[in-house]
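Hi,

Here is the structure I said I would pass on.

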Amino acid sequence: MVDTVPHGEDASDAKDSAVSAEDSAFDLKDHAQKATVEYLRRRGYFEDLASVVKRILDESLTARGITVHSVQARAKAPESFARKAETPSEGRTGPKYPKPIDEITDLSGVRVITYLPSVLAEVDALVNEQFRVVERSDKGMALRDTDRFGYQSIHYLVTLSEARTALPEYAPYKIQVRTVLQHAWAEIEHDIQYKSSVVIPSEIRRRFMSLAGLLELADREFQSIQDADKALTEVARANVERSDFHDVEITPDALKAYLDKTLGPDARIAAWNYNWAARLLKKVGFITLEQLDQCIRGYDDDRVSRAIFGTRQGQIWRLECLLIAGMGETYIDRHIFEDDRSKSTWQRWLRDLRAAGIEIGSYDPRQVPEEAT
């Protein structure tokens, strides 16, 4: 190794400077090591604290009917704490955190990951109601202002409110709220060494920018799709209420609204039943509720049900009875279940209907002229 001595200093001065620098570096590491020992001793407390906050959020989200991808909780990893405790001050005259256990504010962390950006606002309101927010920061805005790559999320520094607990004051901890795609970016970014667009190679920089843009566009598109789906659902329900079935596409929600209106509500029917029935209707050729209404219009669902079963069946069973009455053999040929046993059962249904004096139709939704629907 070759040592160089600055002009105007002798070897002994340089040696003293080197020793001083080594002592400073050693002191900083020693400071971090001692703080980490203290943190390890108390880490169980911070794990419990994170669990408490997660439970509060889980219960509050459920009570509000807010659906999220997940709520994650953790106490800061010891190695991560040590690195942060070793951070020098801006003037490099000492540690940035003289009392790390008291001054590092993310020892307990909770992360709420949503599916869509619109849910962020709902979670934001919930956090402000359930906790005392000490600090709120939008990381997406911060990254844009500092010329760094990254993806947005909202960070909170909070404490438990006095209304929440009468226990001694808890240490501050952080909550992060982000969408699934924002979370995916954050996890990728964690392993990326380039943090500033100033130092990243131009080719990689372009790819980073494209990816960040695509993720943001995907988030917006997911939100737009959900908004459009909600709007279409509301329009479909309104049309069903007016008995205007022409442009209402068959979906589980639209089918439920139609059956509730035409056959009467049935609280016993689970959501998956409407999913199954909508899939069946698509399989046999139906597209709109207007087609379904044309097929079963004129039939008495109670009479048809009693002709087959001897009793009034539930809503979905009555629908199937009406379908076989309105479509006849066509319904049997296109049914999801095409085994011989099922076919023999449906053939018996047809015989029972004829025996009861009920005329069997031959409606085929695939053969109905477009203008008729």
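**Salt bridges first**

Lys-34 and Asp-30 sit four residues apart in helix α1 (residues 11-64), which puts about one helical turn between them. An α-helix has 3.6 residues a turn, so residues three or four places apart point the same way. The two side chains do form a salt bridge, with 3.1 Å between the closest N and O atoms. Lys-34 is exposed, at 56% relative accessibility, while Asp-30 is partly exposed at 22%. Before you read on, bear in mind that this is a predicted model.

Which parts does the pair Arg-136 and Asp-124 tie together? Their side chains meet in a salt bridge, 2.9 Å from N to O. Arg-136 belongs to strand β3 (residues 131-138) and Asp-124 to helix α4, so the pair links parts that are twelve residues apart in sequence. The Asp-124 end is buried, with a relative accessible area of 17%, whereas Arg-136 is partly exposed at 45%.

There is also a network of salt bridges that links Asp-301, Asp-302, Arg-306, Arg-312 and Arg-318. Altogether the count comes to 22 salt bridges.

**Helix α4**

Since Asp-124 brought us here, a bit more on its helix. α4 (residues 117-130) has 14 residues and spans 21 Å from first C-alpha to last, close to the 20 Å expected at 1.5 Å a residue. Its buried residues are Val-119, Leu-120, Val-123, Asp-124, Leu-126, Val-127 and Gln-130. Asp-124 is therefore listed as buried while it also takes part in the salt bridge described above.

Is strand β2 (residues 108-114) mostly covered or mostly open? Mostly covered: six of its seven residues are buried. β2 pairs with strand β1 (residues 70-75) in the antiparallel sense, over six bridges. If you want a place to start tracing that pairing, Ala-75 stands opposite Ser-108 in β2.

Next, look at the loop between α3 (100-103) and β2, where you will find Asp-106. At 9% relative accessibility, Asp-106 counts as buried. What does its side chain contact? Another, of 3.4 Å, goes from the Asp-106 side chain to that of Lys-84.

**The whole chain**

Zooming out, the protein chain has 14 helices and five strands. Of its 373 residues, 39% are buried. Among the contacts with a separation of 6 or more, 70% are between residues 24 or more positions apart. The accessible surface comes to about 21,800 Å², and carbon and sulfur atoms account for 51% of that.

Cheers

Conventions. Residues are numbered from 1 along each chain as its sequence is written. This is a predicted model: local features need pLDDT of at least 70, side-chain atom pairs count only at pLDDT 80 or more; totals for chains, interfaces and linings use all residues. Side-chain values use heavy atoms; hydrogens and water are left out. Helices (H or I, at least four residues) and strands (E, at least two) are DSSP runs, numbered from the N terminus. The expected span of a helix is 1.5 Å times one less than its number of residues. Buried means under 20% relative accessible area, exposed over 50%, partly exposed in between (1.4 Å probe, protein chains only). A salt bridge is a side-chain nitrogen of Lys or Arg within 4 Å of a carboxyl oxygen of Asp or Glu. Two strands pair if DSSP finds at least two bridges between them. Contact means heavy atoms within 4.5 Å. Accessible areas come from the Shrake-Rupley method with a 1.4 Å probe; for residues, only the protein chains shown count as cover. A polar contact is a pair of N or O atoms within 3.5 Å; within protein, one must be able to donate a hydrogen and the other to accept it, and residues adjacent in sequence count only if both atoms are side-chain atoms.
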